[in-house]
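Open the model in a viewer and follow the stops below in order. Each stop says what to select and what is there.

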Amino acid sequence: MQFESLSVDFDPRRLTKEHPFMPEGYLHEYFLFNEPEALHYHDFLEIGYCVSGSGLFYVDGEVIPFSAPCFSIIYGGQVHIAQNVGPQRSLWHFCYINLKKLFTDTELVEVSRLKAMSPHLYDFPTVLSQAADPILHQLVVAALDESATLKGDYLTAMRGLIMALLTRHSRMMTPTKKSAHVHQSSQQQLLSRLGEVLLYINQHYTEDLTIDHLTRASGISKATLQRDMIDFTGLAPMQYIHQLRMKRATLLLAEGIPVADVAFNVGYNTLSSFNRHFLQEFGMSPTRWKRQQQCSKHPDSTDAALP
């Protein structure tokens, strides 16, 4: 499900005590778009897993590349969107879960002790490969299956699966460096100012963007745009654009696309400019990075000397 607005209001009649979750794309094919839609957030837990393809996830200003098989855990209030990258379409399955309606009052007392119930207080990974935590990936897949097939005692099964999922994800959480006040109130205010420009960047970062393009598109002064982008993403506008390009580049290089083609695909007019930014980001040339990825996939192959 893709949302057109930044604020999403679910129909409460669809998320009831009997059906406190809504699967999307499990019983039919659901593919990500090549062009990102508007960033959005909602009040519910969102879990998902990727069956095929690769792309980029944008979560609270962070750019996260993904490749199947992988999974995502997004909490209420986290601003996010996903985009397909590469020749193969990204097939995902998602589920939206109202935790307060899923668990009984007694169970909520126990669940409320988990870090995952106060995600704004912690830093944690939101998009992970299956290899990073196979058990957590399996819990996500099992929960999607249970929510879509509705077999006997499905509510009991879902409560157990989501409790285990939240408990395991809580173990990955560490106290955030941002204060709770900054994360909860200021983030939404920043989004209201930056929503249009972030969408513009995400749709046009492979083009020849400049600060002047961004200020004209957003109606925000250079000084305000610079300050707000650093507060929201941790990066200045052009740094954020280069990060998007670099992470898109790694996905395309992993697909075996020639370095020169990748450079122009992600928005650089010259190969030397692409190589320079790639070296700054990863500490090695694109060719070396590509060869290392190939060697890691085929460790028994003969590895020529890397330049």
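Start with the whole protein shown as a surface. The accessible surface comes to about 14700 Å², and 52% of it belongs to carbon and sulfur atoms; such areas come from the Shrake-Rupley method with a 1.4 Å probe, and for residues only the protein chains shown count as cover.

This is a predicted model, in which local features need pLDDT of at least 70 and side-chain atom pairs count only at pLDDT 80 or more, while totals for chains, interfaces and linings use all residues. Residues are numbered from 1 along each chain as its sequence is written, and side-chain values use heavy atoms, with hydrogens and water left out.

Switch to cartoon. The protein has 11 helices and 10 strands, taken as DSSP runs (helices H or I, at least four residues; strands E, at least two) and numbered from the N terminus. Of the 307 residues, 48% are buried, where buried means under 20% relative accessible area, exposed over 50%, and partly exposed in between (1.4 Å probe, protein chains only). Among contacts (heavy atoms within 4.5 Å) with a separation of 6 or more, 74% join residues 24 or more positions apart.

Most residues other than glycine have a negative phi, and most peptide bonds are trans.

- Select Asp60, in the loop between strand E3 (54–59) and E4. Its phi is near 50°, a positive value. Is Asp60 buried or exposed? Asp60 counts as buried because its relative accessibility is 16%.
- Select Ala68 and Pro69. The peptide bond between them is cis, with omega near 0°. Pro69 lies in the loop between strand E4 (62–67) and strand E5 (70–74).
- Select Leu150, in the loop between helix H3 (134–149) and helix H4 (154–170). Phi of Leu150 is also positive, near 50°. The relative accessible area of Leu150 is 35%, so the residue is partly exposed.

Now go to the interior. A nonpolar core is a set of buried Ala, Val, Leu, Ile, Met, Phe, Trp, Tyr and Cys residues joined through side-chain atoms within 4.5 Å. Select Leu56, Tyr58, Ile201, Tyr240, Leu244 and Phe274: in the largest such core, of 39 residues, these touch the most other members. Elements that each supply at least two residues to this core include E3, strand E6 (80–85), helix H5 (180–204) and helix H10 (271–282). Which helix gives the largest share? H8 does, with eight residues.

Last, select Leu45, Ile97, Leu102 and Leu166. They are included in a second, separate core of 31 residues.
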